[in-house]
Structures are given as structure tokens and as C-alpha cells.
Amino acid sequence: MRICSLNRFLKVMVNFSVMLLSIMLFTLSEGEATAVEKAAAESPPVLPRPNQVWKDAVSGLEFVWLQGGCFQLGNRDPGRTGFYHEKPLHTACIDGFWMGRYEVTNAQYRQYKPEHTSKETGGRSLDGDEQPVVYVSWHDAKAYTDWLAGKRGNGEKYTFRLPTEAEWEFACRAGTDTVRYWNAEEETCRYANVADLFYRIKRVHYHNCSDGFIVSSPVGSFPANPAGLHDMLGNVWEWCEDRYGKDTYTKNREANKPKNPLYQIREDGVDYRVIRGGSWLSEPNSVRSAKRSPSPPASRYNVLGFRVIMEAVPKERLPAR
Amino acid sequence: MKKYGVIFCVLCCFALLGTVLERGAFFAGLKNALQRQEIPGSILDIGKMGKILKERGLIRTLPKEEVSSSATSPDLSKSLLAIELEIPVDTEFQVYWTNKKEQKYAIERCSRVAVTAGRREYVLPLPRLGGIQRLRIDPSGKPADIRIRRITLYSNEQEVVLSSDNGLDLLKPLTGIDRLRHDADGVSFTALNTDAQLELRLDAVRKSKKIERIAFQRKRRDTLFRHVADSGGMHSFPSSQIITKKNFKKNWPVMSLVFDEADLYHPDTGLVPNKAFRGRQWERPASCSYFDETGHLRFASTVGVRMHGGKRMQFYSSYRLYFRKEYGLSRFSEFRPEIGFSTRAEPVKRLVVHHTAWPEGGWYFNNTLAYDIARRVGCQVPETKLTLLYVNGVEQGIYFFVPHIGERLLYSYFGHNKFDFYKLRSSVSHDSFALNVKLWRIVNNKNRLTMQGVGRDIDLDNLARHLFSVLFCGTTDWYQGVAVLDTSKPDSKVFWINWDMDQSFIQDVSSQDVLMTEWQQRSWSLVYSSTPDRLYDVRPKLFSRLLREDPAYRQYVLTLYRDLLNHRLNARFAEERIQYYTSMLESYGKKDTKYMGMLDEFMMKRPEVIRKETEKLFKLGPSLLCRITGPPDVRYEIDGYREPAGYQGYYFKGSRIKVRVGDAPHKKISYWLVNGKRVDGISLDVEVYENLLIEPIFEGHG
């Protein structure tokens, strides 16, 4: 009798466990399906409006649609003999694309690499969740964009990547043709996080104003540019896709192929990538829309982060050729 | 069973393949890392480089009292107040200060900043912190709930620790504040009206001497410079270790510099992205090693490095090395450059490792060859030395050493500090330097300029040679160099030192004469004109006026230039130099026949261009050829220069040729035959009105 009861009890327990397991599996599989479905449901519009904002629910990144077009790439200052590598001014034509509204933050990057730390400098943290991620190499940034693409699931393979420098400048200028998108150097502290008065005692070159941040600021702390993008100048330098060449622009112009320029020639003995935008440690000359600077792709610095762009239409949605 | 065996084998193959691929990736990564030669970290105090140097006993930290006081004095006028503020409204934040005990706050002593709603840290500039008694803080122009999280004062690049609570406990409400509430996140209060004021009394803190200690510190003691390299262990320096046998090339010395990567490439503080910046703030420490032509390590130390050069640094980087005892060795004894006016040849303390970077494409020897020519014609020009340069193990190409011409170098050459000088730069205006003022006063004199008069103050022989080097080499960018006056002697004269002649030989593409070949390019028009195009430059104006106004100086210059063309820049010199540079280029592994051919042609044909232009400019008529024949073992002294047998030179019509026998073993001159006519005498001095064939007739050979 007792054995019979035990058997019945065990049978019930097994059945119960199987049921529970089934429910759990069902719930889990349903949850996974929901996330993918949700992502699919929140896919960027195929025909977006200019400056339309779209938030990727999976990564938390926000993007702004930039309607493509042609613009003048490079330094517009004819009077100065310097800035050789920012000249000549030449036409570049860009397809529309989704540009990251903000620089990638520590929190966003830690979704990909939880152990990442952006450290601190001079007793001030660079590692806040909303501060832009720094101490990332060009390779790290590329790996993050690849990870983003995979993150969106099987059905949606978007192309996330770093901007080319032409795309970056197109986005930064946002239709302006002035030195900065706010133009006057005196107003810099209202629009960007730069080497401000704090650096008066440390450096010769600084902005003679106070922007409210000694080191990097939480992204979006300053007004957006006309395209709705924040921190395009200042806060942290941003990696670009292109290789750096001293005479990229001369070669671009000579090649006379203005469509989506991307410079990939490795020059003698060096392999630098382009960085753009200046940082919280940048003096006035570095905080300009046309400013371009070289950096070895393996380098990681406290002023160097990145932002992501997403190509216009997922490849899978394009009609088959 | 067989089926399972096959599956097992396939799995094993995959595992093996995976391992191989993984290893391949590992080795590829290792190879990449070695090729990149990444040495992260800062060089002395922090980072791997510092650790390596310390572990190997290559540097030791000096006790404080031994730290050099030569570092620049800090600018005591610079202090800052940084305040971390949380405020719900956009408003204005103000700080007033008083310099005396009973002084009232006033608008003249006020610093203000616009603040944005939210939590931010603002910075306000203050005057010299040592003088401030009290600070009044007006936190808001509007009523608001405010939190101050931190107040920090900075002076002399240092944080002034006011109290254990970041100075917040020293804050006292003056007006318009309900009460201060202190907690772990700082101090909060409500500004009741637009006149809310707080006060921070620094005079109270000053009693503890904290502010004086920092604000009145006269010399900066930067930890970066508190190290010396031990004399031994040169091979252990990273810059020595990074060089391997494959880095050497026959006959080429090697200089190796190893920087902390951030010191080179940090976007905001690195040397490479910020090439245009100058001054001590842009000096970075590096490990430096020098190997001589035979590959022997002759020097290793840490040095300070700055970028050197103008806008052409866009193409290549030149470096300026500072040898200071704070870094290690205070002089670079492997290079003791000579210069004409001094018999001293001291090891340099500042060395320019220069790239001839004009035009783009790397014209390897423009600078050094032009320096060679300038030295040959008797200019004051520093010695140079070719070298290969490696930076962090990566070859940078052909460079050359040249001392950095500045006060220190002139001091070492003169042996005293009683001299006046200024560097020729486009920013130098007529009244920039006392010496320049003096020169312009002479040049702007409305009376006729004479060699005798001007020659009392200016070394006119140096001026003529200096400008000859420019017009011969076709140096278009010649507003460079140094004007110097030794003030220790009453009869001293101003002279010029040549510097940076890289824009020589190659036709200036911006010139109108682009159809000319390189050797045909501008010569006299660079330095002589009735209206010199270089209005900022005293040299061409002075030279042009003297040539026009004083026949004696004109004659002096014509004779000098004739001699320089005949005796100094002759075919022998040209051949020797071209051969040397060709062989160096071949040792380097390049065979740029186009460039070397251009230089060869330039050296051979340029003298004729100069001669013809001189004839035309001064209406001298065609030059006449004088040849001297005689036994091959006889040496002559012609126009004061030693020449071998077989000499031939061109002479302006009406000028004189002076010949005497120098070395003639077992021979005694009897008389001369000039165009077949006998002229008696040991030496010959004839006026040239026709081509001459001169033959010495020795006793017993009549």
C-alpha cells in the first residue's frame, strides 16, 4: 500500500515536472520570438522623413535619418596656408543613412562587452553609463558594429558600421558651411564639451569659457546640430571607417568620383584611421567640422570613442537582382 | 561501428584544424603586434616603458633637493575655481574676490559663467591665488534650490586642498540663503532671491599655510623630470633593443627613438596629431639610441622631443631633441658640429633630426647638399650628418642631424654670452629686435651706402657669401637663419648663419618660370633687385643698395663670385659630392637616377648660369677662358686658391688673374708664357682681355 502510494506520488511529481518544464520552455521560446518580432516590428521605416528619429529597441541606440545629397567636403578657409590635409574643398555625394544620434555610451557598449571600463582621469570618472565609451580601438568599434548586426536576430541583418569621414562631415555640417555648426568660437561652450577654462592652467591652448564638464559629459548634454545629432563636435573623438591619408582629398578630387567616397589606401609605413570631431580635451583648432586627425587603429585613448551608422535599407529587404 | 569510426575521425580532423587555425591566428596576432611595435604606457613614471626602464636599473629617481630648478617658472597669475553645481534653472553664477583684508567686493574683481539647468562642473578663472583674501559666491540670478557638490581651487597646476570636505564646510551664507544643509553629496540650500550670496574665507585657510605653499612655489617640480639615466646599460634601453641587424644599412648611422604611444598619437596631447604646436608643453620624453655607421651603439638616454619644422611637416615629421640632465644625459657627444666662425665644436644639447621634406616625395639631399655648398663658399653654416631614423621601430627614411641654432648653441660656440641675435622669421617686423632695428637703420639711411661705412657694422664678406649660396642653389625659401653680433668685442660685425635650405635645386612650382629646367631657375633675381620683393628682409635691400651705390663693393662681389665659381664650386667638388650622395642613396637601397641626375646636371651647369646672369646684370660682356698648362705634378696658387695642374677658369673682362707656383718638386720657375708671349717673374698678375693660355717655364726646361 505504502509502495503504491509512493509510486503514485512519484508519477504525479514526474508529470508535474514535465508540465512545468514544458511551460517554462514555452514561455522562453515565446519570449525569444517576441523580442525578434518586436525588433522586426520596430524596424526603421523604409521611406523615412529627413531627421526622423528611430530607436533600435534591441541595442538602445537612437538613429537619425539623414537624407543624402551632395556637399562640399573639406576646409573652406582659403586664406590659411595650413590645414593642407583638409584641402582641397571638393564635392562628395552621400546616400541617405541612419546616423547615431549620440556617441555610443558606456552602458550600450557594456551590453557587448560587460567587462569594459572607460576608467577615470585626474580623479574624474569616464565610466558613467551615459558617458561616451572611450578606450576603444578602431578594431573594438568595428567588432561592436558587427555584434550589433548579429544582435538583431536571424530575420533582420542590418548593416551597422562606422561612418566614412565624408558621411561624418556631412552629418556634422548638417547643411551648414561654417567652421562649426554654431560658427562663432566664443559660443563653443554652449554647444560642445571641449578643453575649457579648466585647462587654462595646464595647457597653452584652450577655450576661454566654461562648458560645465571637466571630462566627458553624458551624451546629449549639449544642443543638437541642425540634423538633430548631439556631440558631433567635442566630448569624444569619433572613429571613422576610412584610412587616413595626408592627401586623401587631393586624390579624391583627382579621381573625380564623388559618390560615397571611402579612402582605403594604405600609405608607406603607416596605417592610420581617421578620427573626427574633437573631444573634451581639444583646443579650438581641433573643434571644427573639417578637422581630421590620424590615429593608429589599435590605439585606445581617454578621448576617443565612436558612433554608429546604419545603412539605409537592410540588404534582405532589397529586391533580388 | 565503422560508421561511428568515420564520424570520430571527422571530428578529430575538425578539432585538429581548429587548433591549427587558432595557432595561426595567434602567430598572426603576435606578428602584427611585433610589426606594430606597440609600447603603450608613459615613459618614466607611468606605463610599461617606465617600468622597463626602472626594472633594468636604467633610471633612478632623484631626491627632491637634486631636482633641477631649470624648469620654467609657473605662471602664478593663473588660478581657477571649479565648482560642481546642481541647479534646476538656467542662470548665471558669479564669484567675486578681495585682495585686501578690508576691501569690498566689486565688479572689477568678478568672474562669471552662464550655467545650465542640471548637474555640471563650472570653471571660473581667478587671479593669483596667493593674494586672494575672501571669495563671494553668487550662485544664482534666480531663486532656486541649489546643491554644490564640490568646490576645488587650482593653482600652479595643482589642486589646493582647502579642507577635508572639499572646502564646503568653509562656506558661510551671507544673504538670501535660508540655511546650508550638509550631507554626503555636498551642501544644499535655497537661494531665496536674486541676491543670494555665500562666502569662502581663504584668509582663514591661509593660516594653515596650505595656500602659500602651493601658490608661492617658484619652480615647477614636475615628476616627469625627476629621473636620471644611469651611465651603463645602454643596450637595455627600449630604443636600443628595438633595433635589430636588419635595420642597419651600409655606411648609414641609425638613430632610434621610442615613445610612449600616447605621447605620439593621443589626439589631443600627442605630438603627431598636434605637429603645429610649439613650446615646452609639447615636449615629450623618449628613449633615444644612436648607432654609428658600423652599427655600434654609441649613445642611449632618455631625451625630450618636440616636433620641428613649418608647414611642410604635413608631409614628414622632423624632430627636435633636447638633451637635459633631468632626462638623463645632458649632451649628445656623438655629434660635434663645426661652424665657420668658431673654433669650438661642442657636443650639442639640442639636436634637430631633420627631414628634407620639400617638395612632397622626399628629396633626400636638398638640404645637406645646399649646406655643403654654403660651407664650401665660406658661409657660416652648421655641419650636418646623414642618418636613418626609426621611431618606435618603424623606419622614417633619410634624415640628417643639424644643431638647433639658438642661444645655447651660440653660447657654446662663442664661449660667452655677450652676443645679440635674432632668428629670421616672417613674423619678425622691422622693430622686433634691437639688432634688426640697427640693421634697418643702416639700410634706410638716405645717404649713399658705402662698403667702408656699412662694413664697420656689418660683415659684408659674409653677406656676399651668404647670398651667393642662395642664388647658386636657387633657394626660394631663404628667409631663414640667424643674424648674430658678438658684443664682447668693440669691432665686431653682424653676420648671418645659413639655415634650412631645403627649397634648393628643385624648381619652385609656384614660380612663373616653370618651363625652365632646375639648373636654369632664378638666381640673381632672388637676392638682387631695384625693388626687392622681400620688404620684410633687410638682406636683399642692403645687398642691392650696396651693389648699386658703391662700385668698390660691386667690384669686391664680382671678384668674389668669380673666384667662388672658378675655385670653390668647380667640377671636382661637384663630382665628389654627387658621387657621395649617389653612393649613400644606393646603400640606402634606392636608385633614384632621376633625382641624382638632376643634382648632377645642376651642379655642372649652374655655374655657367650664374656667370651669364652676372655678366648680363652688370653689363660685363662675355667671360674669358683662362687655362694653365704645365707638368702634372705642379700645384699652383691661383687668385689665392690652391689648384692642380690643368686649371681652367672664366674671368670677367678686365678682371685680373694672379698665378704663382705652389708645390713644384725639384723645379724652379723661370718665366711664364702667356698666349705664347714671355712674361718674367715668379708670380703672374695679368688683366684678362682675351682668352688666355698660361704656361709656366721652369729652369732647365726652356
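Burial first: I call a residue buried if 20 or more other C-beta atoms, placed from the backbone, lie within 10 Å of its own, exposed at 12 or fewer, and partly exposed in between. Helices (H or I, at least four residues) and strands (E, at least two) are DSSP runs, numbered from the N terminus.

Housekeeping: this is a predicted model, where local features need pLDDT of at least 70, side-chain atom pairs count only at pLDDT 80 or more, and totals for chains, interfaces and linings use all residues. Residues count from 1 along each chain as its sequence is written, while chains are lettered from A and ligands numbered from 1 in the order written.

**Helix 4, chain A.** I checked residues 165–173 and found nine of nine buried. Among them are Glu165(A), Trp168(A), Phe170(A) and Arg173(A). Just past the helix, Ala174(A) has a positive phi of about 45 degrees.

**Core.** A nonpolar core here is a set of buried Ala, Val, Leu, Ile, Met, Phe, Trp, Tyr and Cys residues joined through C-beta atoms within 7 Å. The largest one has 206 residues, and Met99(A), Ala171(A), Leu321(B) and Val353(B) touch the most other members. Helix 11 of chain B (460–473) gives the most to this core, nine residues. A separate second core has 14 residues, including Tyr636(B) and Trp672(B).

**Phe335(B).** I found Phe335(B) in the loop between strands 17 (318–322) and 18 (350–354) of chain B. Why does Phe335(B) count as buried? Because it has 22 C-beta neighbours inside 10 Å. Its C-alpha sits 9.9 Å from that of Lys349(B), 14 residues apart along the chain.
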